[in-house]
Amino acid sequence: MTRKQVLTTLLGLVLIAAMALVPMYVKKDSTINLIVMVLLYVSLASSWNILGGFAGQVNLGHAAFFGLGTLVTRSLWLSGWPLWAAMLAGGIVPVLLGLLIGIPAFKLRGAYFSIGTLALGQVLYVIVGNRWPLITSLPVKYLGSYSLAPRYYLFLGVALVTVGAAYILMRSRFGLGLAAIREEEDAAESLGVSARRHKILALSLSAFFAGLTGGAFAFYHVGYYPQFPFGPVWSFDAVTIAFIGGTGTIIGPIVGGIFYVVLKELLALRLVEIHLTVFGILFVLIVLFLPGGLVEAWQKVRDAFARRPGRPKVGRPLPQGEN
Amino acid sequence: MLAPTIQSLVFGILIGGLFGLAAVGLSLVFGVTKFLNVSHGELLMLGGYTSFWLFTLYRVDPFVGLPLAILALVVLGVVLYKLIFTRMVKLSDETKIKNTMLVGFGLGLVLQNVALRLWTADDRGITTSYSSHVIQAFGVRFPVVRLISFAIAVVVLLALQLFLKRTYTGKAIRATVQDWEAATLLGIDIHKVYLLSFVMGAGLAGLAGGLVAVGYSIKPDMGLEWTLISLIVMVLGGLGSFVGTFVAGLVVGIAQSLTSLWLGGAYREMVALLLFLLVLVLRPQGLFGVKEG
Amino acid sequence: MLELEGIFAGYKDLTVLRDISLRVGAGELVALVGPNGAGKTTTLKVISGLVRPTAGEVRLDGRPLTKEPPHRIVQMGISQVLEGGRVFTGLTVLENLELGAFGAAARKAKHENLKRVFTLFPRLEERKHQRAGTLSGGERQMLAIGRALMTTPRLLMLDEPSFGLAPILVEQIFRMIAEINKQGVTVLLVEQNVRAALELTQRAYVIENGRIVGEGSGDSLLSFESVRSAYLG
């Protein structure tokens with residue numbers, strides 16, 4: 001391992017340790033809640049990124065997976081299942097939905113797929129809203145023992161697992177195949193990369209981790225409308241956070257998530273949420289001018305400083321024979 | 001048993017006309033520029049609010065105020081095009097569709113929230129002196145306002161067809177759709193064609209919004225619903241056929257209305273969406289469209 | 001009349017043209033020949049504005065053209081017929097032709113130009129209300145050329161007009177091109193069919209791998225390998 005890799009790994013471990021110790025030395029609940037929000041959005045955006053950033057399939061209905069996770073986990077947990085089992089189920093059911101729609105959906109290329117997912121997200125939102133219109137509240141026995149720390153750790157765990165999986169994925173041969181499909185699907189196919197299989201697997205992973213995130217959400221909140229996590233705003237959040245941070249990278253959704261929550265807090269001066277407007281504008285700007293998001297911006301800044309004087313810029317040799 | 005069904009059919013047709021109008025706007029823009037502007041519904045919403053405020057603040061009759069709603073959206077369309085969409089003209093088709101969809105997505109978010117901040121989340125509607133007038137014929141009630149709206153939609157679409165088929169500019173637009181390189185080599189300014197199409201799409205959205213405001217109701221988050229409807233109808237009707245798109249609008253309107261009657265209002269929204277998913281998977285070129293080679 | 005100097009151009013990271021310089025005088029009929037992929041089409045596209053060169057200049061009567069958008073260049077009198085003709089299949093023959101008269105100046109001359117095109121290509125007049133998609137390959141090529149003529153060009157650029165056409169048709173089309181040139185339109189012809197091109201023109205440029213490797217007329221061009229193999233092969 002290079003020195004840089006050793007340092008990065010050490011830094012990562014230190015960070016994780018620090019995060020793990022948070023509930024011990026941070027006394028204010030509101031601060032912990034803030035960090036929980038960051039972890040939530042990081043997980044949400046990272047799970048989206050597996051399909052949207054790595055595989056290049058823009059899913060505009062990610063809330064369907066997230067929502068299903070909340071629905072399944074909440075129902076099972078409140079009916080007596082152990083939390084871990086309920087969480088697992090909450091991760092798996094969205095995968096089943098993903099497989100169900102993925103197989104026909106991936107016949108659709110590009111934009112058709114995206115608007116298809118948009119429609120699908122809405123369908124689930126409407127169904128859930130009609131079927132379960134009443135608030136789900138924690139029964140009294142749970143209310144009494146409600147403690148923030150385990151919820152914090154659950155979110156931390158989900159975030160670590162999601163980001164970790166994304167990291168392993170990106171570095172694997174599978175990740176390479178995904179990147180090829182994202183860039184030039186036809187070319188990748190001609191090299192023997194099965195687009196279908198890759199996309200379906202990416203979709204499944206994306207759904208699974210979104211479901212886990214949903215499960216953590218279900219465990220965390222005392223009361224909410226079951227329809228709420230299926231709402232389009234969650235799909236929007238996943239997409240915008242991943243884009244603003246930088247799709248296709250591991251650290252993008254993390255940066256984006258932190259940025260989002262911080263901005264939201266800073267802008268929470270008025271009653272109506274102005275942060276969505278600001279975020280929307282930022283998102284448009286990023287798509288137009290800086291498609292790599294904040295990560296790309298950071299790299300550009302680093303490059304600007306890294307160009308040492310005296311080092312000639314090597315020109316690209318002209319290719320031989322062309323059209 | 002029959003009477004409510006026919007009544008439902010009528011209602012479905014009346015709103016279906018507006019679905020068709022909205023979808024044609026989107027289809028025009030997409031067909032010419034390959035911009036998939038998913039903030040189309042928000043543009044419609046803004047048209048509705050323009051009409052609403054003109055009526056509420058200045059007592060402008062909603063039908064008389066339609067040209068103003070269209071104008072407002074035309075201006076907005078120019079602004080949006082020049083600020084944002086003009087930068088994506090040069091992209092490859094696939095990238096163009098993807099990027100404009102993303103941009104439209106963000107734009108829609110912004111517009112929706114601005115509307116929410118300015119005008120609150122309340123449902124709004126325009127109630128005029130004649131809003132409750134109904135024509136009774138064959139045992140069916142035809143609300144006058146909705147009837148007029150439908151008629152306006154049909155007339156405008158016919159005018160649009162004529163424009164595209166008969167006028168020079170219309171033919172230039174059609175030529176650009178078919179082969180923009182060949183068109184530009186004939187001296188046709190592609191940028192102007194793009195701008196015109198985009199602006200016309202926005203204007204149609206504004207018109208549709210104004211008609212929705214008077215016959216139905218509007219609220220800031222109606223954009224997503226109408227964008228989806230426009231997309232659904234556009235795909236169902238197939239690109240390149242406005243007649244097909246209009247008919248598809250009627251189909252969706254009727255489907256929604258009948259579903260509401262038979263299965264209850266809760267599932268109304270779902271029908272269109274499910275129909276959409278079905279068509280996407282089975283026949284992406286729509287019911288009337290031509291399969292892309 | 002038309003001058004290219006030191007043109008470098010390409011697509012994305014690919015450099016296609018390297019230091020292209022050529023000249024077409026008013027009233028001339030000049031050919032640009034070379035093997036497949038040599039950069040002939042790209043050269044035309046640089047002139048008509050569809051491709052921006054990375055270096056070099058294009059001048060029309062001394063006036064630089066390089067920064068102008070394509071539709072403006074058309075108004076200045078340069079018209080390109082794309083490879084394969086590329087007619088608007090959904091529109092009628094007449095509508096295709098009329099669209100050529102889009103610019104203000106061309107619109108004034110519309111009637112005259114239409115008469116001229118129909119005289120040159122009587123087949124088009126016969127089919128004027130037919131949809132262009134129903135025309136045969138040769139007729140489409142004629143339509144494409146006719147359409148370009150409607151813009152009242154001073155310089156007409158043709159990209160492989162013989163492509164995919166039977167030899168008899170090729171002869172016919174080339175005769176028309178000669179006729180057009182006689183009527184005063186300067187012509188720059190890009191062709192892979194070297195034989196036909198050299199028979200038509202007196203002067204030609206040979207392009208290979210993005211470079212102009214020679215200029216001359218008929219016999220002198222035979223010294224080039226690519227020309228020779230195309231001519232004899």
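A residue is called buried if 20 or more other C-beta atoms, placed from the backbone, lie within 10 Å of its own, exposed if 12 or fewer do, and partly exposed in between. By this count, 55% of the 293 residues of chain B are buried. The structure is a predicted model, in which local features need pLDDT of at least 70 and side-chain atom pairs count only at pLDDT 80 or more, while totals for chains, interfaces and linings use all residues. Residues are numbered from 1 along each chain as its sequence is written, and chains are lettered from A in the order in which they are written.

Chain B holds eleven helices and two strands, these being DSSP runs numbered from the N terminus (helices: H or I, at least four residues; strands: E, at least two). Read from the N terminus, the order is α-α-α-α-β-β-α-α-α-α-α-α-α. The radius of gyration, taken over C-alpha atoms, is 19 Å, close to the 19 Å from the globule rule (2.2 Å times the number of residues to the power 0.38), so chain B is as compact as a globular protein of 293 residues. Its C-alpha trace spans about 60 × 45 × 35 Å along the principal axes of chain B.

Now to the place where the chains touch. Two residues are in contact if their C-beta atoms, placed from the backbone, lie within 7 Å. Chain B contributes 31 residues to the contact and chain A contributes 30 residues. On the chain B side, helix 4 (93-119), helix 9 (222-237) and helix 11 (268-282) each supply at least two residues. Helix 4 of chain B gives the most, with 15 residues.
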